Amino acid sequence: MKVLMLVPDCQMIDRRVLQQARTLVETGAEVTLLAGFECAKAEEYNWQGVQIVRCQFDWDDSRLRRIRARLPDNDRLKTLVNRIWMKVIIRLLSIKPYDTYVLAQAERFSADVIHVHDLPLLKHGAILAKRWGVPLVFDAHEIYYEQETLPPRVRRRLAREERRHVPDTSLFMTVNGAIADHYKMLYGKRPLVLMNCADRPQPGFDATSRADLRAMAGLPTDAQVILYQGWISAERNLTTLVRAAELLPADSYLVMIGYGVHEADLRAIVDGKPWADKVRFLGRVEPDRILSLTAGADVGVIPYQPIDLNHTLCSPNKFFEYVQSGVPIVAHDLVFFREMRERYAVVEVGDLSTPLGMAAAINRLAADTATLKQMRAACLRAADVLNWDTEAKKLLEGYNQMLGRQ
């Protein structure tokens, strides 16, 4: 079986995507992963049996190139045609230049299944699946058009595309029960729930974690580490988290693993402050090191706020990485975290909307050594269930049922 995966990630490929691709390869499938179409450079490489193809869109249009080729050798005329095309004609076309580029890259390959990750490429997957007469798999990592950071026009367009193409899917998946219930309300069928669980680490992976994390952060060996790891962006309430560092005890430090343009804003907040050394930025860490470094933390923080429906119902990767690493979690009182607290006792929830509330929730847990010990043990128990081995079985069962229906 040949599987063609499409994912819009132009920087780091989401762990969930790689896990699904690897699982299918392990069962004998041939998986090609087209990952990002606006990458910094085009490249192709093999990762654990998965053929990964990264593309670089030049923002031209193959149809416009054909028109220009027929024009006289006149730069002013070609410039005029470009402007008319980009400002007028393109608005009337349902298939934009980006769409033609994505489809052209995908058509370099053949497939028995089209597997789309996230809504921006669902339209392209549906076109290919219909064109090739193959089943369409759609994995909604989130309720994409419910992100308040997207322009309203883009949100409306993506919502229309989802409504149009979800009925075309042969297998529809999402990341947690709350989002699955939301989609059932919209479309009458509940997607398969495939959680963002991390792989089980090798025994002894955390033997030197505490020392390694503190050495990397330039901290004393007995320092208490409050950890945030993940993408550093403005909508994740990280400004509040950084400001809360001022209110941590003298021996406690906020360590941030990850990268993003918002890091510059966070650094500006602490620069010149008397408490500036309370915050340590470690930058990007390779995926194969993230669990071992995470395990060195005393408390993991997920400060996301209910700024939109997408955040209200989220279940981030880092939650499962904290669990696999045995790190107790502090999170804002959102639907998923409340459920995980009741079911597994691995997370404390509170109001993390202000620096004072954030610091109070962190300090309350960090100072309670008995509760920390209990939560670390609870993480280890939960890790036996909340792991990728469990979710991989669900993925393969979903594929088998889909293929059995074809």
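Two strands are taken to pair if DSSP finds at least two bridges between them. Helices (H or I, at least four residues) and strands (E, at least two) are DSSP runs, numbered from the N terminus. The model is predicted: local features need pLDDT of at least 70, side-chain atom pairs count only at pLDDT 80 or more, and totals for chains, interfaces and linings use all residues. Residues are numbered from 1 along each chain as its sequence is written, and side-chain values use heavy atoms, with hydrogens and water left out.

**View A. Strand 12 with strands 9 and 13.** Strand 12 (residues 299–302) is joined to strand 13 (residues 329–332) by 3 bridges, and the two run parallel. Within this pair, Ile302 stands opposite Ala331. Strand 9 (residues 224–229) also pairs with strand 12 in the parallel sense, over 2 bridges, and here Ile226 stands opposite Val299. Both faces of strand 12 are covered: Val299 and Val301 on one side, and Gly300 and Ile302 on the other, are all buried (under 20% relative accessible area, 1.4 Å probe, protein chains only). In a regular strand, side chains alternate between the two faces of the sheet.

View B. Strand 6 (residues 136–140) and strand 7 (residues 171–174) run parallel and are joined by 4 bridges. Val137 has Leu171 of strand 7 as its bridge partner.

**View D. Lining of the second largest pocket.** A pocket is an open set of points on a 1 Å grid over the protein atoms alone, where a 1.4 Å probe fits, with protein on both sides within 12 Å along at least five of seven lines; lining residues have an atom within 4 Å of a point. The lining of the second largest pocket has 13 residues, of which Asp206, Ala295, Ser325, Gly326 and Arg376 lie nearest its centre. Helix 8 (209–217), helix 13 (317–325) and helix 16 (369–383) each give two or more residues to this lining, and helix 16 supplies the largest share, 3 residues.

Key
Buried means under 20% relative accessible area, exposed over 50%, partly exposed in between (1.4 Å probe, protein chains only).
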